[in-house]
Amino acid sequence: MERSVSDNQPSVYGNLITVLSIDGGGIRGIIPGVILNRLEYELQILDGNDVRLADYFDVITGTSTGGLITAMLAGPNEHGRPLFAAKDIVPFCLKNGPQIFPQPSGILAWASKIPKALAGPRYDDKYLFKLVRDLLGNTKLHQTLTKLVAIPTFDIKKLQPTIFSGYQIPINPAIDALLSDVCIATSATPTYFPPYYFENKEKEFNLIDGGIAANNPTLVAIREVTKQIMKDNPEFSRIDPMDYSYTRFHVISLGAGSNRREKKYDAKTASKWGVISWLFEDNNSPIFDFFGEASKDMVDYHNSVVFKALHSQENYLPIDIRRYLTGEMASIDVSTKVNMEKLVEIEVKLLDKTVSRIGLDTGHYEPVEGGGTNAEALKRFAKLLSDEKKLRGSNSPTSQDKSS
């Protein structure tokens with residue numbers, strides 16, 4: 001029998017605010033898929049095979065490919081349950097990656113070397129458009145099963161981020177767009193896919209990749225919840241705005257690796273670059289590499305500093321594979337079978353690596369003393385999520401009415 005999502009109670013009945021954050025990364029979306037599968041597996045050991053990640057998180061936020069994964073985890077199927085189990089994410093990527101990012105051959109391979117600043121976007125979005133439309137149908141943002149879904153994009157006409165957040169709908173009804181439109185927009189990476197235009201409730205949106213605004217969307221989620229606490233949202237009414245802090249947040253932040261190359265750029269080389277080279281150098285787009293990496297690192301660094309300052313660093317679990325990616329594995333669009341299988345393999349191995357956090361003095365990822373492996377950390381986090389869900393269930397009026 002299908003579980004009802006109605007027992008996913010607000011955080012007001014528990015002790016925590018639970019957040020799942022998923023970075024963007026193109027075909028490297030395979031990477032967080034492996035971690036999500038392990039986390040859901042641990043939850044199923046505790047609570048049964050029919051539970052899903054959407055049953056445990058107050059907020060799921062994702063950028064670019066992470067936004068699509070967010071919709072897959074939180075969008076409803078015909079039975080009112082999540083569209084995808086976490087175990088289905090990697091097979092979905094393996095099946096559809098080669099069609100989303102078709103690999104050129106012959107004369108097309110030669111043509112792919114032409115600077116994309118001159119030739120237009122590297123890929124069209126026809127396959128992605130149909131795939132997402134068929135997957136999500138007419139589902140709108142407000143219909144997601146998680147209490148809050150937050151997906152960032154960037155509006156190139158307004159020159160500002162547009163965050164598709166369920167909490168924004170009451171004050172901006174146009175945000176309640178088709179979930180498919182939101183996913184296509186947040187995936188519209190400059191030079192790879194064209195910008196995406198759509199209208200909703202007489203408002204227009206001219207959007208590109210959410211990574212321009214928040215490649216690591218963790219702070220997007222924290223911001224949305226914080227605003228609701230300040231507005232006395234009854235879902236958080238027991239939380240003192242001066243005390244909610246990061247001590248109440250429990251965050252899993254999943255990176256999708258990095259396109260940092262073994263051969264780094266340097267000032268001497270870059271000093272000779274013009275506009276074309278900044279946009280296209282050695283089949284990469286350096287300026288977007290820089291923006292993306294800086295955005296992810298600054299968010300991770302901020303979270304590490306604040307969580308540690310408040311003695312709640314155990315509440316923040318970042319898992320990122322970027323230190324181990326080399327060659328084609330670091331690309332966002334190499335969708336060959338060999339490369340995708342390597343991504344799965346290296347991420348499985350990451351589960352046995354020691355938990356790491358960004359060093360506050362070095363800026364590099366460093367092993368956490370006594371932190372155990374990533375697999376052990378996910379198991380601990382699963383137990384925490386399970387206990388929190390049970391606590392909320394026992395404290396909720398619905399549960400108390402049934403027992404009386």
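Helices (H or I, at least four residues) and strands (E, at least two) were taken as DSSP runs and numbered from the N terminus. The structure is a predicted model, in which local features need pLDDT of at least 70 and side-chain atom pairs count only at pLDDT 80 or more, whereas totals for chains, interfaces and linings use all residues. Residues are numbered from 1 along each chain as its sequence is written, and side-chain values use heavy atoms, with hydrogens and water left out.

Helix 13 comprises 14 residues (337–350) and reaches 20 Å from its first C-alpha to its last, close to the expected 20 Å; the expected span is 1.5 Å times one less than the number of residues. Buried residues (under 20% relative accessible area; exposed, over 50%; partly exposed, in between; 1.4 Å probe, protein chains only) of helix 13 are Asn 339, Met 340, Leu 343, Ile 346, Glu 347 and Leu 350. These residues lie on the same side of helix 13 because they cover an arc of only 130° around the axis, the arc being that of the directions from the helix axis to the C-beta atoms. The face turned away from the buried side carries the exposed residues Lys 337 and Val 338.

Twelve aromatic pairs are present in the structure. Rings of Phe, Tyr and Trp (its six-membered ring) pair if their centres lie within 6.5 Å, with planes under 30 degrees apart counted as stacked, over 60 as edge-to-face and the rest as tilted. The rings of Phe 84 and Phe 92 have centres 5.4 Å apart and planes at 85°, so this pair is edge-to-face. Phe 84 counts as buried at 13% relative accessibility, as does Phe 92 at 11%. Ring pairs also link Phe 129, Phe 164, Tyr 196, Phe 198 and Phe 205 into a cluster.
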